[in-house]
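Subject: Structure handover

Hello,

Here is the structure I promised to pass on. Please open it first, then read my notes below.

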Amino acid sequence: MNRKILYGIIGAALIVLPFLVTNYWVFLLTDVFIMALFATSFNLLLGYTGLISFGQAAYYAVGAYGTTLMIKYFSSSLWPAIGLGVGAAFVLALVIGYLCVRVTRLYFAMLTLAFSSMIYAIIFKWRGFTGGDDGIAGVARPSLDFFFIKFSLANPKAYYFFVLVLAALSVWVLWRIVRSPLGYLLQANRDNAKRAEFIGVAVKRFRLIAFTIAGFFAGLAGSLYALLAGFISPELAFWTKSADPVIMSMVGGFNRFFGPVVGAAIYSLLKDFIATKTENWMFYLGLILLVVVLALPQGVMGAIQRRRGKV
Amino acid sequence: MITGKKEVLRVQSLKKNFGSLQAVGGVDLAVKENEMRAVIGPNGAGKSTFFNLITGDIRPDEGQVFFKGREITGWVPHRIARLGVARSFQVTHIFPQLTVFENVLVPSVVQQKRELSILRAARGIAQLRDETLATLKLLGLDDLAEMKGQALSHGDKKRLEFAIVLACKPELLLLDEPTAGMSAEETNLTVGLMKKLSADLGITIVFTEHDMKVVFSIADYITVLHQGLVIAEGSPEVVRKDPRVIEAYTGERRE
């Protein structure tokens, strides 16, 4: 099938869908978009730079807390709230990334995990500011102001479209990045860091750039999630949250740009479906994921493209 | 030796020990512009360590390295590479998951200082594409442009690495066993290419090589290393007759 037609159909379906389903599903789909952005930003590291981060939840959580705290304490406008969350995640990723890019592979994974555990501990312990393990609830979603026109985002459908546009735009930016000269330098680092270094690439600097970009978009995902859920807790920074984009990328296929998007949709919907059927949803989810990873080592997207003869 | 030309590479009393093993034990060397210099020696003579010291892969314990009169001792590899020193490795280093075209595109990105460019697709930048295609043509890799690096034969991988280092537009090229593992035909191609790079582009080449036919057919000047020391140096005719060289190679020479 022609790629443009496929995108057109998907786009049209996503526009029509919220009008056909219940608000519960609108909420769920909005969450899928957010997780798709989170996973795609993570995959800039795993799939394109060759770095395994086990600590992306830190930036997701800081995005969520930055946005929520901004609304709670300072301003109830939309963009400053999102801006603070994303900005905080960006700065944090820059600082932590600077300390992590000296090492690679498992050492890198462990360092990112260690730093995200510190962020979790800070959020958990700093009760006066973050609400500790009670989290922060009841923060109202600001409206979207276009000069003199106000769009309320309180309606789940309105917020669905807001997230759809922002997530799609962000994924498009990430797509442009991986195709750009910078993107090829990241892929060179993934394939053979030594070769890259010896043709004049300051590989650590480029790892840091990738890490900061990934942190930025993870922060945006977290910020959008906070506004969706209206409730945040330290769980957002816990290491299990860091596992989400890893699993999604594996399921969808981290060798394909849209793999994590597909993986996010499958994982989120599957989790929801199983969780409503049984209390032991983690067991069944684990079982299904095991089968997927073993049967489709290139992920779902890899398997689809292989069937179509595009290896 | 070519006289009246500028010195491209100078190495002064370079030393490197690995524990109690003396890998390079005080080497002096000077290579002039457009020279084709072979560094030979039996296995374990310190040739690869010597290359690694020059290109910043490892730091010397003592001594200095100068490139075009500028001291580069202890610099990190990417800074040295940017000055115009490119190298290949004994074990081929390419970008396996990228296509042949993309493999050569990457050094061109660096060369054209477009590392931070994100506004345009790399393949859409004419200057970058033309440069990459020109390098591929020069190496005869244009037919393989859309193949993944990992799918190439050993000889083609070596050729691709050659293309990668050439795309850096180096002034000094360090080749670590450029014909290792190649068929006779591929070896001839590589030797022809080295001659061409030297004659047409004026690139200074320093290479290590086990194949003595290759060494004596193209080197202007030969440095013989043995146990981390220079035991002989001179034109191919001089080195061939040097008794110390014959002694060092006796029983150890493999061809």
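Let's start in chain B. Five bridges join β7(B) to strand β8 (residues 204-208) of chain B, and the two run parallel. Two strands count as paired if DSSP finds at least two bridges between them. Helices (H or I, at least four residues) and strands (E, at least two) are DSSP runs, numbered from the N terminus. B:L175 stands opposite B:F207 in β8(B).

A word on the source. This is a predicted model, where local features need pLDDT of at least 70, side-chain atom pairs count only at pLDDT 80 or more, and totals for chains, interfaces and linings use all residues. Residues are numbered from 1 along each chain as its sequence is written, while chains are lettered from A and ligands numbered from 1 in the order in which they are written.

Back to β7(B). Three bridges join strand β6 (residues 85-87) of chain B to β7(B), again running parallel. B:V85 has B:L172 as its bridge partner in β7(B).

Is β7(B) mostly covered or uncovered? Strand β7 (residues 172-176) of chain B is mostly covered, with five of its five residues buried. Buried means that 20 or more other C-beta atoms, placed from the backbone, lie within 10 Å of the residue's own. B:L172, B:L174 and B:D176 point one way. B:L173 and B:L175 point the other way.

Chain B is divided into domain 1 (1-84 + 170-255) and domain 2 (94-169). These bounds come from an automatic or database domain assignment. The C-alpha centres of the two domains lie 26 Å apart. Their contact takes seven residues from domain 1 of chain B and six from domain 2 of chain B. Contact means C-beta atoms, placed from the backbone, within 7 Å.

Now the two chains together. 20 residues of chain A are in contact with 29 residues of chain B. On chain A, α7 (156-179), α8 (181-191) and α9 (193-197) each supply at least two residues of that side. The largest share, seven residues, comes from α8(A).

Last, a helix pair in chain A. Helix α3 (residues 57-74) and helix α5 (residues 105-125) of chain A pack at about 30 degrees, with their axes 8 Å apart. Axes are lines fitted to C-alpha atoms over the stretch in contact, and angles run from 0 to 180 degrees between N-to-C directions. That makes α3(A) roughly parallel to α5(A), a label for angles under 35 degrees. Among the residues making the contact are A:Y65 of α3(A) and A:F115 of α5(A).

Best wishes

How values were computed. Contact = placed C-beta atoms within 7 Å. Parallel < 35°, antiparallel > 145°, perpendicular 65-115°, else oblique. Buried ≥ 20, exposed ≤ 12 C-beta atoms within 10 Å, placed from the backbone.
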